[in-house]
Amino acid sequence: MRSNHEASQRRLGMVYVAGAAILFASKGLFAKGLYRHGVSFELLVTMRALLAMPLFIWFALHSNRNGHAGPRPSPRAFIAAALAGITCYYVGAMVDFWALELIDASIERVLLFSYPALVVLISSFMRRQAPERRVVLTLLLTYVGIFFAMGGVDLTELRANLFGAGLVLIAAFTTAIYFLIGERYTHELGSTRFAAVGMSASAIVLAVHFAIFRSIDEVCALGPHEWLLLGILAIACMFVPGLMQAEGVRRVGAQRAAIGSTVGPPTTIVLAALFLGERLNGWQVLGSAMIVVSVLLLSLTKPVPE
């Protein structure tokens, strides 16, 4: 009876993880729609964070009230969560959504999915320990896949995607940093409170950035359609999948969750083809497949943070 219950929980966990990956994968569609209406990537990133921030804070407070009281977190844990959020949701989000102005949504999602390889590389560097040979081979597969996803031997395609792809790889690096910090401090803060602190810090920095470099007139010029798309981005492509992903990882563990999340890049490719008319060439399809396979292999050799 217990084994049946555990199996049911694992299946539900995989549904959560896959659903989160699909929702995350759809962000490029809404971003492209906003860009076509003249919304800048800076306004998009700022309003997405400001709209999502109260939801994360509310959920963290609600979870804390319903949970068991534990040791009081240290100030260092809060500072670490804030720095992680600023790194990922300010720096990373800025360059990621800037890249979406320059390259196809399908390529962006595939390249961003390379962050598990960066987690392994950064972890090895911090431990001053070389990764295992099979991990090195998997990392090589990832970066050959990145080369092909950017255009591969098609030099015209490669040059066209080079800058935008570089921006996405910076975003992938910030994502890896976020999860490495989270791996150390979520046990102290809890995953929802860690996310709430990080999101709040990034939203404040984004608001300051927007006030300095952009104009409030851009916010006033937003129409109902643009507000609707921004709301969808904040809730359906950020808040809801963030909670689903956390719950899925809790139920099945990081390794199985990494496997479930591989539905993300193929979902983006299909959605971008259906709604944006994007098409990948043969080299890009090969590169996308290599990156997805590399994440599957990494999930079997080392736990992959989500």
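Visitor: How many salt bridges does the structure hold?
Guide: The structure holds 4 salt bridges, a salt bridge being a side-chain nitrogen of Lys or Arg within 4 Å of a carboxyl oxygen of Asp or Glu. This is a predicted model, in which local features need pLDDT of at least 70 and side-chain atom pairs count only at pLDDT 80 or more, whereas totals for chains, interfaces and linings use all residues. Residues are numbered from 1 along each chain as its sequence is written, and side-chain values use heavy atoms, with hydrogens and water left out.

Visitor: What makes Asp-96 and Lys-27 a salt bridge?
Guide: The closest N and O atoms of Asp-96 and Lys-27 are 2.4 Å apart, and the cut-off is 4 Å, so the pair is called a salt bridge. Asp-96 belongs to helix H4 (residues 75-99) and Lys-27 to helix H2 (residues 27-36), so the pair ties together parts that are 69 residues apart in sequence. Helices here are DSSP runs of H or I with at least four residues, and strands are runs of E with at least two, numbered from the N terminus.

Visitor: Why is Asp-96 called buried?
Guide: Buried means under 20% relative accessible area, exposed means over 50%, and partly exposed lies in between, with a 1.4 Å probe and protein chains only. Asp-96 has a relative accessible area of 4%, so it is buried, and Lys-27, at 9%, therefore counts as buried too.

Visitor: Which residues are linked with Lys-27 in a network of salt bridges?
Guide: Lys-27, Asp-96 and Glu-108 are linked in such a network. In the pair of Lys-27 with Glu-108, the closest N and O atoms are 3.4 Å apart; this pair links helix H2 to helix H5 (residues 105-112), at a separation of 81 residues.

Visitor: What is the accessibility label of Glu-218 and of Arg-214, buried or partly exposed?
Guide: Glu-218 has a relative accessible area of 21% and is therefore partly exposed, and Arg-214, with 31%, is partly exposed as well. These two residues form a salt bridge, with closest N and O atoms 2.8 Å apart.

Visitor: Which residues touch the most other members of the largest nonpolar core?
Guide: Leu-44, Phe-56, Phe-97 and Leu-111 do, in a core of 77 residues, and helix H8 (residues 155-189) supplies the largest share, 12 residues. A nonpolar core is a set of buried Ala, Val, Leu, Ile, Met, Phe, Trp, Tyr and Cys residues joined through side-chain atoms within 4.5 Å.

Visitor: Why does Thr-267 count as buried?
Guide: Thr-267 has 17% relative accessibility, so it counts as buried. Thr-267 lies in helix H12 (residues 264-276), and, leaving aside neighbours within four places in sequence, Thr-267 is in contact (heavy atoms within 4.5 Å) with Ile-22 and Ala-25.

Visitor: Why does Trp-283 count as partly exposed?
Guide: Trp-283 has 36% relative accessibility and so counts as partly exposed; its place is in helix H13 (residues 282-301).

Visitor: How does the radius of gyration of the chain agree with that of a compact globule?
Guide: With 306 residues, a compact globule would have a radius of gyration near 19 Å, and the chain has 19 Å, so the two agree. The radius is taken over C-alpha atoms, and the globule rule is 2.2 Å times the number of residues to the power 0.38. The chain has 13 helices and 0 strands, and 50% of its 306 residues count as buried.
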